[in-house]
Amino acid sequence: MKMTIQAEVQWVRYLAENGVRTSLPIQTIEGNMTKVCIDREQCFIAVVFEGVPVKFFDREPELWGSGLFS
């Protein structure tokens, strides 16, 4: 599961590096993009992304289109 999440985060970074507007993942102090956290015998995989200004598109459906992603 961790490898799947890491691959997805690397894909988002690749998209950003190639011109797609997206929120970038933030690396840990160790240089990783994911962090395994254990709490009460449960394991969680955490990923943190930069914050970005948002719009709620469900209120403005005309905003959807190719211009949104370029």
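This is a predicted model: local features need pLDDT of at least 70, side-chain atom pairs count only at pLDDT 80 or more; totals for chains, interfaces and linings use all residues.
**The whole chain**

Start with the chain in cartoon view. It comes to 1 helix and 2 strands, and along the sequence these follow the pattern α-β-β. Now switch to a surface. The chain exposes about 6000 Å², and carbon and sulfur atoms supply 58% of that area. Of the 70 residues, 9% count as buried. Among contacts between residues at least 6 apart in sequence, 39% join residues at least 24 apart.

**The two strands**

Select residues 35-39, which are strand E1, and residues 42-46, which are strand E2. The two strands run antiparallel and are joined by 5 bridges. To see one of the pairings, pick Lys-35: its bridge partner in E2 is Ala-46.

**The turn of the hairpin**

Next, select Arg-40 and Glu-41. The hairpin of E1 and E2 has 2 residues between the strands. Arg-40 is found in the loop between E1 and E2, and Glu-41 has its place in that loop too. What is the phi of Arg-40? The angle is near 50 degrees, a positive value in a residue other than glycine. Glu-41 is not a glycine either, and has a positive phi of about 65 degrees. For background, most residues other than glycine have a negative phi.

**The cysteines**

How many disulfides does the structure hold? The count is 0. The sulfur of Cys-37 has its closest cysteine sulfur in Cys-43, but at 8.1 Å this is too far for a bond. A disulfide would need the two sulfur atoms within 2.5 Å. Cys-37 is partly exposed, with a relative accessible area of 33%, while Cys-43 counts as exposed at 54%.

**Helix H1 and its aromatic pair**

Move to helix H1, residues 2-17. Select Trp-11 and Tyr-14, which both lie in H1, 3 residues apart, or about one turn of the helix. The count of aromatic pairs comes to 1. In that pair, the rings of Trp-11 and Tyr-14 have their centres 5.5 Å apart and their planes at 20 degrees, so the pair is stacked. Planes under 30 degrees apart count as stacked. Trp-11 counts as partly exposed at 49% relative accessibility, and Tyr-14 is partly exposed with a relative accessible area of 44%.

Go back along the helix to Lys-2, which has its place in H1. Which residues is Lys-2 in contact with, leaving aside neighbours within four places in sequence? They are Thr-34, Val-36 and Ile-45. Lys-2 is partly exposed, with a relative accessible area of 35%.

From Lys-2, select its contact Thr-34. Thr-34 is found in the loop between H1 and E1. It counts as buried because its relative accessibility is 3%, and the limit for buried is under 20%. Display the residues around it: not counting residues up to four places away in sequence, Thr-34 touches Lys-2, Ile-5, Gln-6, Thr-28, Ile-45, Ala-46 and Val-47. One of these, Gln-6, makes a polar contact with Thr-34, side chain to side chain, at 3.2 Å.

Is Ser-23 buried or exposed? At 17% relative accessibility, Ser-23 counts as buried. The side chain of Ser-23 reaches the backbone oxygen of Glu-50 at 2.3 Å. Beyond residues up to four places away in sequence, Ser-23 touches Val-12, Phe-49, Glu-50 and Val-52.

Terms used. Residues are numbered from 1 along each chain as its sequence is written. Side-chain values use heavy atoms; hydrogens and water are left out. Helices (H or I, at least four residues) and strands (E, at least two) are DSSP runs, numbered from the N terminus. Buried means under 20% relative accessible area, exposed over 50%, partly exposed in between (1.4 Å probe, protein chains only). Contact means heavy atoms within 4.5 Å. Accessible areas come from the Shrake-Rupley method with a 1.4 Å probe; for residues, only the protein chains shown count as cover. A polar contact is a pair of N or O atoms within 3.5 Å; within protein, one must be able to donate a hydrogen and the other to accept it, and residues adjacent in sequence count only if both atoms are side-chain atoms. Two strands pair if DSSP finds at least two bridges between them. Rings of Phe, Tyr and Trp (its six-membered ring) pair if their centres lie within 6.5 Å; planes under 30 degrees apart count as stacked, over 60 as edge-to-face and the rest as tilted.
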